[in-house]
Amino acid sequence: MSANKGKSAEKENTDTENDRTLAEDDENDKNSGALSHRFEKLTVTLERGSAGKKFGLGIVMVHQRILVCKVDPDSLVQGVLKYGDQILEVNKKEVTNKIDCKKRLMAGLKDKGSVPLVILRPKTSDAVTMIEQEIQQSLQQLSAQPSVEHVKKG
C-alpha cells in the first residue's frame with residue numbers, strides 16, 4: 001500500500017511540474033542561463049530611410065518588458081523588427097518604459113539617421129506562442145480599461 005502512495009505523490013509532483021507556466025519556465029531559464037535556446041539576442045539598426053515613410057511601430061509593456069506588438073507594412077521598422085521582439089537597448093542605453101523607448105528611437109533617427117537596437121527575439125515555437133499570448137492579454141487589458149474621456153463624462 002505504501003508503494004501506491006509513493007507513486008501517487010510522485011504523480012502529483014509531475015502534474016505540478018507540467019502545470020508550470022511558460023513565464024515560470026522562463027524565470028528558471030534566466031536563473032540557469034538556458035534562456036538562449038528559446039530566444040536570441042540580436043543587434044539591429046533602424047535607419048531613417050526615404051522621406052515620407054511612416055515609423056510604423058507599436059510597442060506594449062508586458063511584465064516590465066517592452067515588446068513589439070505591431071509592425072506596419074512599408075514602414076521604417078519593417079524588416080528590422082518583428083512582432084514579439086523585446087527591445088532591450090536603444091542607442092546603447094537600456095530602455096525601461098515605452099515613452100523612453102520611443103523618445104530614444106525618434107531622437108536617434110532625427111540626429112544621426114540611424115539607431116542601433118539590442119533586441120531579444122523568440123526563436124522556438126513555444127517562445128513565440130508565449131510572447132503572442134502575453135501581448136494579446138496585455139492589449140485586451142488595455143482595451144478593457146475605461147478611456148480618460150469616458151471617465152470625464154461619467
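User: What does the side chain of R121 reach at 3.1 Å, and what makes this a polar contact?

Analyst: The side chain of R121 reaches the backbone oxygen of V80 at 3.1 Å. A polar contact is a pair of N or O atoms within 3.5 Å, where, within protein, one atom must be able to donate a hydrogen and the other to accept it, and where residues adjacent in sequence count only if both atoms are side-chain atoms; the 3.1 Å found for R121 and V80 therefore falls within that limit. This is a predicted model, in which local features need pLDDT of at least 70 and side-chain atom pairs count only at pLDDT 80 or more, while totals for chains, interfaces and linings use all residues. Residues are numbered from 1 along each chain as its sequence is written, and side-chain values use heavy atoms, with hydrogens and water left out.

User: Why is the pair D85 and R121 called a salt bridge?

Analyst: The term requires a side-chain nitrogen of Lys or Arg within 4 Å of a carboxyl oxygen of Asp or Glu, and the closest N and O atoms of D85 and R121 are 2.7 Å apart, so the pair meets the rule. The pair links distant parts of the chain, with D85 in the loop between β3 and β4 and R121 in strand β6 (residues 114–122), 36 residues apart; helices (H or I, at least four residues) and strands (E, at least two) are DSSP runs, numbered from the N terminus.

User: Are D85 and R121 buried or exposed, and how do you know?

Analyst: Buried means under 20% relative accessible area, exposed over 50%, and partly exposed in between, using a 1.4 Å probe and protein chains only. D85 has a relative accessible area of 0% and R121 has 13%, so both residues count as buried. Leaving aside neighbours within four places in sequence, R121 is in contact (heavy atoms within 4.5 Å) with R38, F39, E40, L42, V80, L81, K82 and D85.

User: How many salt bridges are there, and what makes R38 and D126 one of them?

Analyst: The count comes to 7 salt bridges. The side chains of R38 and D126 meet at 3.3 Å, N to O, which is within the cut-off already given, so the pair qualifies. R38 lies in the loop between α2 (22–32) and β1 (39–47) and D126 in helix α4 (residues 125–144), so the pair ties together parts that are 88 residues apart in sequence. R38, at 3% relative accessibility, counts as buried, whereas D126, at 33%, counts as partly exposed.

User: Which residue forms a salt bridge with R65, and where do the two lie?

Analyst: R65 forms a salt bridge with E134, the closest N and O atoms being 2.2 Å apart. R65 is in strand β3 and E134 in helix α4, 69 residues apart. R65 is buried at 14% relative accessible area, and E134 is buried at 9%. Elsewhere, K54, K70 and D72 are linked in a network of salt bridges.

User: Why is S75 called buried, and what does S75 touch?

Analyst: S75 has 2% relative accessibility, so this residue counts as buried. S75 is found in the loop between β3 (65–71) and β4 (86–90), and touches K53, K54, F55 and G56, not counting residues up to four places away in sequence. The C-alpha atoms of S75 and K54 are separated by 5.1 Å, although the two residues are 21 apart along the chain.
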